[in-house]
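Let's go through this model together, asking at each step what lies behind the words we use for it.

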Amino acid sequence: MKMREIVLIYLDRSGGLQKFVHDCKKYNDSKQSYAVYRFIISINPSDIAELDATLGNYILHNPIQAAQIFQSVCFVAIKTLSLIEQLQTEAQISILLKPTHLPPLPSYILNLSAFPFNYTSQRFYESEGIVIAMGTITKYTQGARFLCTGETCPFSEGFRYIRVHLPGATESATVRNDFVCSLCSSPLQEDMKFRVLGDKQIVEMIDAKALNALKGYSNNKSHFRIQTFTVFLRDDLANRMTIGNHYKIIGIPACVQNGSQATVCIEVNSMLFFNSPTFISDNFKHLLSLTSSSCWRFTAILANIFASQVVPPGTYNTLKLTILLSLVLTCEKDNEIADYLDLLIVTSDTLIIDR
């Protein structure tokens, strides 16, 4: 009860309550009955910890259970203020908590190379990475309504059985045909017309430290391996990333079982475009000063040594100069990024290039 009171105070002070009322108004104006009413609530862990340290710790380490407290508060608010006339049960409310940041402590940084790692903790972690692959946007089940098949059972109607997606859950965990009624043990059947769908996108990211390896930096280790990790973007976050960009994400790790293979993935709750500062090395500055007497010498030297690990220096200079100019002209603003990718292909088989 105390946590519910703190949640209400926080929502009132942070402006979240006003946004919640506005979202409720959109649902109420539609006059349509939904199985699930979804609300996104922005959370500042520092502000909540100042109000109540116990609640702040609970949100950080048990976000799924903490969302249920917000769910209860929101349900009482809706019923007390008559915000959504169509809402019948608390189970119909789905709350997604979006933390603005996490405490700057090592225990909140996701490190897949650190063992042992508790994949079942299902708490918030922060990670940084570069997007190297993106899948197409597909649909997933946000929520579904089930009814008891027993004709005399009181749960054969209404919104008693509502299932919603949880981080790390597969589609079969939300929708399948072996659920039974807790009252009469009869099978449950989904009411298909109330199924709520959302957008889902799978993204592959790699640790930003991989760039150091590509740049030839040494970390005093004879061997090291950098592995990609899978990220799930859902609903409003889908299609918000761009290949090659650096992002900071906050999400809940989960272990997805696919046959005999177990894959660690991250369900993203919040994301931030990470604009890394650009530095020019002293060697480049020195080279520029040595070639300042000519307007082309510096550019010619760069084209000559560019991609020397792929092709011998001095070959394909025109092609390499074109790629360098294209990279220089590439804008870093999200709304001005061109939908193309620079490629350097060297082969004697023209069929491969055509493909």
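Q: Which residue does T230 stand opposite in β10?

A: T230 stands opposite C265. This is a predicted model, in which local features need pLDDT of at least 70, side-chain atom pairs count only at pLDDT 80 or more, and totals for chains, interfaces and linings use all residues. Residues are numbered from 1 along each chain as its sequence is written, and side-chain values use heavy atoms, with hydrogens and water left out.

Q: What makes β8 and β10 a pair?

A: Two strands pair if DSSP finds at least two bridges between them. Three bridges join β8 to β10 (residues 261-273), and the two run parallel. Strands here are DSSP runs of E with at least two residues, helices are runs of H or I with at least four, and both are numbered from the N terminus.

Q: In which sense do β7 and β8 pair, parallel or antiparallel?

A: Antiparallel: β7 (residues 196-206) and β8 are joined by six bridges. On that side, Q201 stands opposite L233 in β8.

Q: What makes β8 "mostly covered"?

A: A residue is buried if its relative accessible area is under 20%, exposed if over 50%, and partly exposed in between (1.4 Å probe, protein chains only). In β8 (residues 229-234), six of six residues are buried. Both faces are covered, with F229, V231 and L233 buried on one side and T230, F232 and R234 on the other.

Q: Why is K98 called buried?

A: K98 has a relative accessibility of 12%, and so counts as buried. This lysine is found in β2 (residues 93-99). Leaving aside neighbours within four places in sequence, K98 is in contact (heavy atoms within 4.5 Å) with I40, I41, S42, I43, D236, L237, N269 and S270.

Q: How do you know whether A238 is buried or exposed?

A: The relative accessibility of A238 is 12%, so A238 counts as buried. Its place is in the loop between β8 and β9 (246-258). Not counting residues up to four places away in sequence, A238 touches I137, D199, Q201 and L233. A238 and T136 are 102 residues apart in sequence and 9.5 Å apart in space, C-alpha to C-alpha.

Q: And why does A35 count as buried?

A: The relative accessible area of A35 is 1%, so A35 is buried. A35 lies in the loop between α2 (16-30) and β1 (37-43). Leaving aside neighbours within four places in sequence, A35 is in contact with Q92, R145, F159, I162 and F194.

Q: What makes S182 exposed?

A: S182 has a relative accessible area of 56%, and is therefore exposed. Its place is in the loop between α6 (171-174) and β6 (188-190). Not counting residues up to four places away in sequence, S182 touches R160 and Y161.

Q: Why are α1 and α4 called roughly perpendicular?

A: Axes are lines fitted to C-alpha atoms, for helices over the stretch in contact, and angles run from 0 to 180 degrees between N-to-C directions. Angles under 35 degrees count as roughly parallel, over 145 as roughly antiparallel, 65 to 115 as roughly perpendicular and the rest as oblique. Helix α1 (residues 2-14) and α4 pack at about 85°, with their axes 10 Å apart, and are therefore roughly perpendicular to each other. Here M3, I6 and V7 in α1 meet T54, L55 and Y58 in α4.

Q: Why is α4 oblique to α5?

A: The axes of α4 (residues 53-61) and α5 (residues 63-81) come within 6 Å and cross at roughly 125°, which makes α4 oblique to α5. Y58, I59, L60 and H61 of α4 make the contact with P63, Q65, A66, I69 and F70 of α5. These residues divide into seven nonpolar, two polar and no charged (Ala, Val, Leu, Ile, Met, Phe, Trp, Tyr, Cys and Pro count as nonpolar, Asp, Glu, Lys and Arg as charged, and the others, Gly among them, as polar).

Q: How do you know that the span of α5 agrees with its number of residues?

A: The expected span of a helix is 1.5 Å times one less than its number of residues. The 19 residues of α5 should span 27 Å, and its end C-alpha atoms are 27 Å apart, so the two agree. After α5 comes S82, whose phi is positive, near 50°.
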